[in-house]
Amino acid sequence: MPRGVRTSPLGTQEVPGSPYRVRVLQVGYSIPQADGTCRADGSITLVWGGLVTALVDTGGPWDRQRLPQLLSEQGLSPGDITHVVCTHGHSDHAGNINLFPAATLLLGWDLSRADGLYLRHGLAAGQPVQLHPGLVEVVPTPGHTRSHVSLVVRGTAAGTVVVAGDVFERERDEGQWRALSEDPAEQERSRRRVLAMADVIVPGHGPPFRVLRDTGFLLVPEDGEGATSGDGSKQHENAPRGDGTFRSGPKEDEDGAGGGSML
Ligand SMILES: [Fe+2]
């Protein structure tokens with residue numbers, strides 16, 4: 001964990017926001033078994049409320065019956081999903097893409113439309129894929145797998161939410177994630193980038209957690225978000241109340257609802 005950064009449980013599976021809110025439909029888990037096997041499933045996260053209705057990861061194939069039910073509890077059906085983003089191709093994250101034949105699909109660095117047309121993008125060069133410019137984008141976060149991606153949602157009531165797949169197994173996963181990584185050095189860099197931009201992280205195999213940047217440390221991500229003020233101090237603007245709701249709304253300069261082109 002970088003100096004000056006700490007985390008704490010979010011305590012809720014939903015982050016409200018306008019236009020976009022985020023709900024973890026299924027909290028992923030991984031439970032080592034006594035015989036050396038591991039029982040696991042990936043987090044499934046819904047991002048919706050604006051022009052994009054995105055599902056991030058689809059669980060394992062054993063969730064095929066469960067996933068439509070999880071969507072229906074939010075008033076949605078699989079046909080309402082406009083974009084499916086699979087953070088990487090492991091079976092507990094990409095097991096149900098066939099439930100969404102009408103959606104634009106981004107699986108790792110494969111970006112395709114519903115008609116089977118594969119689109120160019122700049123993920124391999126570090127460039128994000130904009131789903132709703134200024135609000136929802138996919139960024140490359142290689143390491144766990146070399147084409148791993150994460151979804152970034154800006155302007156929620158909790159600030160910036162990063163649905164990070166297996167960049168993070170769970171909160172406090174030090175000592176666990178390297179053994180599962182294709183490229184630990186690359187993943188370490190991705191973890192630092194995500195920690196620098198996120199106010200909330202949805203990990204691949206645990207409940208969502210908050211990222212807190214302590215007073216007196218300068219931690220400036222590329223877009224300047226989360227930077228300390230001139231005197232080096234920073235009060236976190238989006239602290240949750242005890243009931244799991246949040247105090248502040250989206251920042252005005254992040255509210256680009258309806259603007260820009262969509263993928
Ligand atoms: Fe994985």
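Which residue in S6 does arginine 21 stand opposite? Arginine 21 stands opposite tryptophan 48. The legends below go through the model view by view.

**Figure 1. The whole chain is a predicted model with 2 helices and 16 strands.** Residue numbers start from 1 along each chain, in the order its sequence is written. Because this is a predicted model, local features need pLDDT of at least 70 and side-chain atom pairs count only at pLDDT 80 or more, while totals for chains, interfaces and linings use all residues. Here pLDDT is the predictor's confidence in each residue, from 0 to 100. Its mean over the protein chain is 87, and 82% of the residues reach 70 or more. Over residues 222-261, pLDDT is below 50. That stretch still has 60 contacts in the model beyond near neighbours in sequence. A contact means that the C-beta atoms of two residues, placed from the backbone, lie within 7 Å. Helices (H or I, at least four residues) and strands (E, at least two) are DSSP runs, numbered from the N terminus. Among contacts with a separation of 6 or more, 61% are between residues 24 or more positions apart.

Figure 2. Two strands pair if DSSP finds at least two bridges between them. S2 and S3 form a hairpin, with 5 residues between them. S2 runs antiparallel to strand S3 (residues 21-26), and 2 bridges join them. Within this view, glutamate 14 stands opposite arginine 23 in S3. S3 in turn is joined to strand S6 (residues 44-48) by 5 bridges, again antiparallel. Strand S7 (residues 54-56) and strand S8 (residues 83-86) pair in the parallel sense, over 3 bridges. There, alanine 54 has histidine 83 in S8 as its bridge partner.

**Figure 3. A further open sheet of 7 strands has the order S1-S16-S15-S14-S13-S12-S11.** The pairing is mixed in this sheet. S1 and strand S11 (129-132) stand at the edges with a single partner strand each, so one side of each has no neighbour in the sheet. From one strand to the next, the twist averages 25°. S1 and strand S16 (residues 209-213) run antiparallel, joined by 5 bridges. Threonine 7 has valine 211 in S16 as its bridge partner. Of the 5 residues of strand S1 (residues 5-9), the number buried is 0, so S1 lies largely in the open. Strand S13 (residues 149-156) and strand S14 (residues 159-163) pair in the antiparallel sense over 4 bridges. Valine 153 has valine 161 in S14 as its bridge partner.

**Figure 4. The largest nonpolar core has 52 residues.** A nonpolar core is a set of buried Ala, Val, Leu, Ile, Met, Phe, Trp, Tyr and Cys residues joined through C-beta atoms within 7 Å. Val47, Leu151, Val161 and Ile201 have the most contacts inside this core. Isoleucine 201 touches Val162, Ala164, Phe168, Val194, Pro208, Phe209 and Val211, leaving out residues up to four places away in sequence. In soluble globular proteins, nonpolar side chains tend to be buried together. In this protein chain, buried residues make up 42% of the 263 residues.

**Figure 5. Aspartate 92 sits in the loop between S8 and strand S9 (104-107).** Is aspartate 92 buried or exposed? Aspartate 92 is buried, because 22 other C-beta atoms lie within 10 Å. The cut-offs are 20 or more such atoms for buried, 12 or fewer for exposed, and in between for partly exposed, with C-beta atoms placed from the backbone. Aspartate 92 is in contact with Ala40, Asp41, Gly42, Gly59 and Gly60, setting aside neighbours within four places in sequence. Aspartate 92 and aspartate 41 are 51 residues apart in sequence, yet 5.1 Å apart in space, C-alpha to C-alpha.

**Figure 6. Glycine 116 lies in the loop between S10 and S11.** Glycine 116 is exposed, with 8 other C-beta atoms within 10 Å. The C-alpha atoms of glycine 116 and proline 101 are separated by 9.6 Å. Along the chain, these residues are 15 residues apart.

Methods: Axes are lines fitted to C-alpha atoms, for helices over the stretch in contact, and angles run from 0 to 180 degrees between N-to-C directions.
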